[in-house]
Amino acid sequence: MKILKFFLTTIVLSTASLANAAINVFTCEPEWAALAREIGADRVRVSTAISADQDPHQVQARPSLISAVRQADLVFCTGAELEVGWLPVLLARSANPRVQSAPGLLYAADQVSLIEQSSSTDRAHGDVHAAGNPHMHLDPHRITMVAKALTERLATLDPQGKAYYHQHLVDFLQRWQAAIEKWESRASHLKDTEVVVHHRSFSYLLNWLGMRAVAEMEPKPGLPPTPKHLGEILSKVEKENIGLILFTSFNGSQGANWLAKRSGACAVQLPFSNEKSLFSLYDELIEILVSKQGECL
Amino acid sequence: MSMTDSLHILWPAFIAGALVLATHVALGRQVLKRGIIFIDLAVAQAAATGALASQILLGDAAAIWQQTGALLAALLMAVSLHALSKRHAHIQEALIGGSYILLASFAVLLVSHDPHAGEYLHQALSGQILWVTPEQLVWLAVASMVVVAMMRYGKQELSRFYLPLAIAVTGAVQTVGVYLVFASLIFPALASIRLSDASGIVRGLLVGTAGLVSGLTISLLADLPSGPTIVITLAISAAVAARSNRQ
């Protein structure tokens, strides 16, 4: 009888928690949607503002965006001014009091240190974000820190699920750590490779892998480079024998192809995010870099 | 999405669109009669360049100074276009087009040493109708009333057409974006071009409202960006009205 009662209670409790389990998580970028699914699994419902090929700087206003933020219990974004052009308006328009500040609002960039923070001196050189480079999702170690912060936040918002989230975090970190070691050994030859980048979208990835960006095609996104700047890059690529020019879909391939044609280097398109899985994102990044390095150097 | 949710999302956009139509239908008829279609692009670009210039000159100044800069530049543009229209009527459209690209290129040069360059340029001309806040609606309503009063009581061409156009476009571009401003100005006016002033404006408002409501509805149901959807439904609404007019 006691056992039966125990089972019944468990069933009732678990169905109850399933029925009202879902914490609605609204993420700005697809990489955070993937992370939220890893940690929250069945206890969260995740929606995301932009798809993997879209530029996180710019978002078109669709009715479903406002609706999704209205229903959200947690808004999970990069921060560091990346979404400054649209997220504040979206939050205001949603008029959802739960997500205007912590704990309902979580910025990944606040959980880690950022590189390329601009002081007054290098601001003149055209740094884009004063708070630092926001594209930190391409450093797996920073992902680890964000995953921990997200777990704490979910546990705050949904105390009943605390053990559940922690268990998923432990599981995720185990697989993630193993994957990092795999990627690092696969990419060991990439160390000290010099590349040209379109914009500083890949700084964290390059830092992690020990690669170096020697020039940027478009230091200010959206503005055409000056002739002098292009001339300098071209001569640098030729003189230093650089083989790879990295860009991502929303940069447009024009600049990279222009440089590739004139210098004989390879224009390489890299994925920038992946909504399904962070593991596949990194798998793809490493595979492309390793294989292109073989072809182009 | 629930009904209250949908209403919450759409009502500010609807009011913003209606306020824009309230002034742009009558202005659009004037624009068509004068054959200077691109004047709103030139004025909108002047406003955007003015806003950028005041932002750069005054640093990250308060929004009110940016708006002042935008309005001053747009008014200046309207005054000079009016002066040019007197002396060079036969090449007015060419001069308007020329001013537009001059100001647009000037804006690119202006921000070329600014770290947030691309974002500024983009934002200045891309108001998004769905993200309109109640505060913006109040400003838009004030601007619309000033514009209507000027058109009604203005004595000369400058105070009856050029200056109100500058005010209307400056206010509207930042809330609903340049494409929707252009569409609100041209499509309802096209559908009512042969009618007399009073009935033409009524028809233009009906055509515009039909386009606005159907565009918002489609954008809600199909989850499409609202601005471009309304541009297309405005065009369809004008075409249907023009066709039924002929039969």
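Does B:Trp139 count as buried or exposed, and at what relative accessibility?

1. In this predicted model, B:Trp139 counts as exposed because its relative accessibility is 57%, and exposed means over 50%. The residue is found in helix 6 (residues 134-153) of chain B. Together with B:Leu57, B:Leu58, B:Ile64 and B:Trp65, B:Trp139 makes a nonpolar surface patch of about 650 Å².

2. B:Arg29, placed in helix 1 (residues 3-34) of chain B, counts as buried, with 3% relative accessibility. A polar atom of the B:Arg29 side chain lies 3.0 Å from the backbone oxygen of B:Leu195. Leaving aside residues up to four places away in sequence, B:Arg29 touches several residues, including B:Ala189, B:Ser192, B:Ile193, B:Gly200 and B:Ile201.

3. B:Arg29 also forms a salt bridge with B:Asp197, with the closest N and O atoms 3.3 Å apart. This pair links distant parts of the chain, since B:Asp197 lies in helix 9 (residues 197-222) of chain B and B:Arg29 in helix 1, 168 residues apart. B:Asp197 is partly exposed, at a relative accessible area of 44%, whereas B:Arg29 is buried.

4. Over all chains, the salt bridges number 18. One of them joins the side chains of A:Arg175 and A:Glu38 (2.8 Å, N to O). A:Arg175 belongs to helix 7 (residues 162-186) and A:Glu38 to helix 2 (residues 30-40) of chain A, 137 residues apart. A:Arg175 is partly exposed, at 35%, while A:Glu38 counts as buried, at 17% relative accessibility.

5. A further salt bridge in chain A is formed by the side chains of A:Asp73 and A:Arg98 (3.4 Å, N to O). Both residues lie in loops, and the pair ties together parts that are 25 residues apart in sequence.

How values were computed
Residues are numbered from 1 along each chain as its sequence is written. Chains are lettered from A and ligands numbered from 1 in the order in which they are written. This is a predicted model: local features need pLDDT of at least 70, side-chain atom pairs count only at pLDDT 80 or more; totals for chains, interfaces and linings use all residues. Side-chain values use heavy atoms; hydrogens and water are left out. Patches are made of residues with over 30% relative accessible area and no salt bridge: like charges are joined within 9 Å, nonpolar side chains (Val, Leu, Ile, Met, Phe, Trp, Tyr) within 5 Å. Accessible areas come from the Shrake-Rupley method with a 1.4 Å probe; for residues, only the protein chains shown count as cover. A salt bridge is a side-chain nitrogen of Lys or Arg within 4 Å of a carboxyl oxygen of Asp or Glu. Helices (H or I, at least four residues) and strands (E, at least two) are DSSP runs, numbered from the N terminus. Buried means under 20% relative accessible area, exposed over 50%, partly exposed in between (1.4 Å probe, protein chains only). A polar contact is a pair of N or O atoms within 3.5 Å; within protein, one must be able to donate a hydrogen and the other to accept it, and residues adjacent in sequence count only if both atoms are side-chain atoms. Contact means heavy atoms within 4.5 Å.
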